Amino acid sequence: MAKAGSWPERGAVAAPAGGTSAVWGECKGSGSKPYLAAVHLDGDGGTAYKCSCPSRKIPCKHVLGLLALWAQEEVDLREERPEWVATWLSGRVARRNRASTRRPVDPARAAATLREREEAVAAGMEELRLWLNDQIDAGLAEVPKYGYDHWDRMAKRLVDAKAGGASALVAGLPAVARGDRWPERLLERLSLLHLLACGHRAGEALDPRVRGAVRARVGIASKAEEVLEQGERVRDTWRVLGWRDTAAPEAGMLARRLWLRGRDTGRTALSLTFARSGQAPATAFRSGTEVTAEFAFYPDGHRAVPVHDGDTAPAGPPGGGTVAEALDSFAAAAAEDPWLDTWPVVLDRAAPAREDRWYLADPDGTALPLTAGDPWRLLAVTGGHPATVAAEWSPAEGLTPITVWDRNGKAVSL
Amino acid sequence: MTGTRAPEPLDPLAPTGSWDRLVSAALVGTARREVPDTPDLPATPGGNDASDLLDRAALATVRRAAGYVPATGTTPLTPDPGTSDESAEAGPGATRLLDRIIADRPELLPEWLERVAARGRCAARASLPLLLDEGARHSQTRPAIVAAAGTRGRWLAAFNPRWSYATGVPLPGDRFSERDWGCGTPGERRRALLALRTADPDRARELLTAVWPGLAKAELRRELLETLATGLGPADEEFLEQALDDRSAVVRGSALSLLTRLPGGAHAERLRGHVRAHASLRDDGSLRVDPPEGRDAALRRDLALAMPAPDAESANGYSERLWALVTHTPLDVWPELLGTDPAGVVAAATRTADAEPRSRLLAALANAAVVQRDAAWARAVLGALGPGPSRTTASARSGPLDTGRLLDLLPVAERCDLTLRALPAVRSSDRRGELFGATRGPWTDALSAEALRLLREPRRANAPVAGYEALCAAAALYMRPAHVTALPDTAPFDGNAAVHAYDRLRDTLRFRLDMHREL
């Protein structure tokens, strides 16, 4: 297939900026008609393939043969191209343009849009604050009898006000309003929502990081481009602590929370990536490595994106601490983000203990409970011997180990 | 619970006075009740009642989350004392393959385990939970899984009841431990006894004899009795004879299976006597076996059978006794009695005129060959069944004749040869696929060559596909994976289902080729 003789007609299409944009060829098959194969190399959605053969494999062997030939420099740039190549390529370009058509940016108009949005959010959050007061005025005793629409009305109002994060928090309330100790758990949630509404109302008066946390929880998303442009930059050697995949608020999506820690600054960074459920979210970071790079931080001071690829190198276990130190670091982070419910901690010499449930314990027996489920992989890797463990800590749910470093210092994701 | 203090571990907010008062006020509603005093909380800005209450509740909530009190005085697990060598673990490549096998290709797990064992390795530790779960689902792979899981796996299995099957199994290097035998769990006792049985069978039996009368649970008696299978010898017969009088049927059954493996003993000789008393050759050369008497207490005891139902003799009772007698009596009694070889005995059995007793007798002889692991008898019974191996012969009344297990008694080269010789006479492609599957592997080159020829044969797009699929499935498991090079990239024919089976076969062979490179 990758022989010049099989491809009497072939050519490469030059890219405007130099290099090759596409390769095409007509392959002599056993039948009377040749197979028409083409590859679009610099398309927006990645490389695209086309072939008129009936094979269901993409790319098919004809395309692969053509590419092999091209790699051997047997396909030259050609000005003219057959009509089927021109049609296919122009169709792809047109689709790309349609997809990326944006209204021309008018700064005044953009500012107005932004202001309208801020006002909408503010109105929604104020309504939430008053609604919360109403709930407490009326008393919570009857709450378990309420139908879903009682909560849905408020949640929907917040969606309309473009406060998706706050809306999701309200939508989660009916699940809290039943079961064991529901009055206490419900009052906790309501009071934290109240704190969020008050925080939003305080606006610029807040410390910038707290304000960043408020806006992120309310659901006012910062665009990655803005963060790269204006966000705080920190250069460090970032050790990968581990990651955990959870269902994202959007239906059918999976979120990967990957935690890093700066070697020199001690700064905690969170990389968030998303994928459709069933697929693994892609991250640039691998466990058991560290990457020297500059990160740009979101306004909340934790979430970050790398400014450039950086240099990745293998790394041993990160420095860990005691349970008390882990709880202190959570408390310090909660001071800036009181809604915090997930925080990475690293325990060294942590050993599993089993009492009424599973724990991870310091050498002196001080211990944090593990989330529901059994830590089988952790046990299998450590054999119950003390080890360095990175975990997500949530005061409400417990400790979820995400990475363990075995006796040889090798990272194992849990 | 050794001194752990964890007041309400799931609830970070242990109730305090102020908090409880805030909760009750919130339940009643601030319209009807004043906001309570909360002396232990910092002052809040005030405002209307509801807002004030929420302010204070938020303070309390955040304070409790940030001021989480950990549990103290927990006792760590007793760690795995094993000093297994980590360098003996399967490498990352082999581990990735294992993950994919467990996810998508469970049929290849036995081969992976076999290859790991052949290299003297064990599974990577992080894979152990998945592997032990596989064993919990499929009991036939358990021995190989336990071996691959090693001492770390056995240590881990003690924490999960689903994995208990792995706790009582001995591993190379086990030593007898007085402590385990004296006061261990049933699994540990069994393991200790097995370890001793390997080193000093007589001493192990003496220990068991000493505690035997005090073992109240039949299941424990059975488990410990079965350790005698290791290092079984004539010296064990007296103890086994005793166990044949046990009050529990499962223990009597185990004792009988062990006695069956001692063909030189008194018990075996008594069984031969029962056969001699009941079997003879008829004038037409057919084998006749008279119904053994249900009331014959000595025979019932020797075969670990229950007392027959009082409503006299049922056909079932007769079948059961015949089945037990033929299964457990050393097969050498038949040629001696009839003056012929195993094939001759089987021929005489098939000459019986009535279909039902004939198939019953044949099935019992086949079962005896399997139980007594006798290849010569397996060959004789298979020979009588017609050309080529099959795993599905069944007769309605006597239950299935498990020819698969007979075949497995033959060396693999002989199985391949049987198939190869039977193939030319087979017209149906379904039957051909079945033949290949029943042969199992690893196939000889000659049989692989024949399979490859059939796999590449031109076929009509609408030809029936089941036989071809069966052939592909068998070749995927039993052919040496290097043969994949003899299969062109694209199937040399059309037809969706067959092309799909062909692609899947190539895919599996290439996967196995990777596995053979890795392991």
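Reader: How much space lies in the second largest pocket?

Author: About 1,000 Å³. A pocket here is an open set of points on a 1 Å grid over the protein atoms alone, where a 1.4 Å probe fits and protein lies on both sides within 12 Å along at least five of seven lines. Points are joined across faces, edges and corners, and the volume is the space filled by probe spheres set on them.

Reader: Which residues lie nearest its centre?

Author: S55(A), R56(A), K57(A), D489(B) and T490(B), out of 32 lining residues; lining means having an atom within 4 Å of a point. Two elements give two or more residues each: α1 (61-71) of chain A and α25 (496-518) of chain B. Helices are DSSP runs of H or I with at least four residues, strands are runs of E with at least two, and both are numbered from the N terminus.

Reader: Which one gives the largest share?

Author: α25(B), with eight residues. By type, the lining has 12 charged residues (Asp, Glu, Lys, Arg), 11 nonpolar (Ala, Val, Leu, Ile, Met, Phe, Trp, Tyr, Cys, Pro) and nine polar (the others, Gly among them).

Reader: Before I go on, what should I know about the model?

Author: It's predicted: local features need pLDDT of at least 70 and side-chain atom pairs 80 or more, while totals for chains, interfaces and linings use all residues. Residues are numbered from 1 along each chain as written, chains are lettered from A and ligands numbered from 1 in the order written, and side-chain values use heavy atoms, without hydrogens or water.

Reader: What's the mean pLDDT of chain B?

Author: 86, with 91% of its residues at 70 or more; pLDDT is the predictor's confidence in each residue, from 0 to 100. Residues 6-14 of chain B fall below 50, with 27 contacts (heavy atoms within 4.5 Å) beyond near neighbours in sequence. Residues 391-400 of chain B also stay under 50, and there the model has 21 contacts beyond four places in sequence.

Reader: Switching to the interface: how much do chains A and B bury?

Author: About 4,700 Å², 62% of it on carbon and sulfur atoms. That's the accessible area (1.4 Å probe) lost on putting the two together, summed over both. 58 residues of chain A contact 56 of chain B.

Reader: How many salt bridges across it?

Author: Zero by the rule, which asks for a Lys or Arg side-chain nitrogen within 4 Å of an Asp or Glu carboxyl oxygen. Over all chains there are 58. One of them joins E269(B) and R272(B) at 2.8 Å, N to O.

Reader: How far apart are those two in helix α13?

Author: Three residues, so about one helical turn separates E269(B) and R272(B) in α13 (residues 266-278) of chain B.

Reader: Where's the cis peptide bond?

Author: Between G441(B) and P442(B), with omega about -5°. P442(B) sits in the loop between α22 (429-439) and α23 (445-456) of chain B. R440(B) lies in that loop too, and its phi is positive, near 55°.
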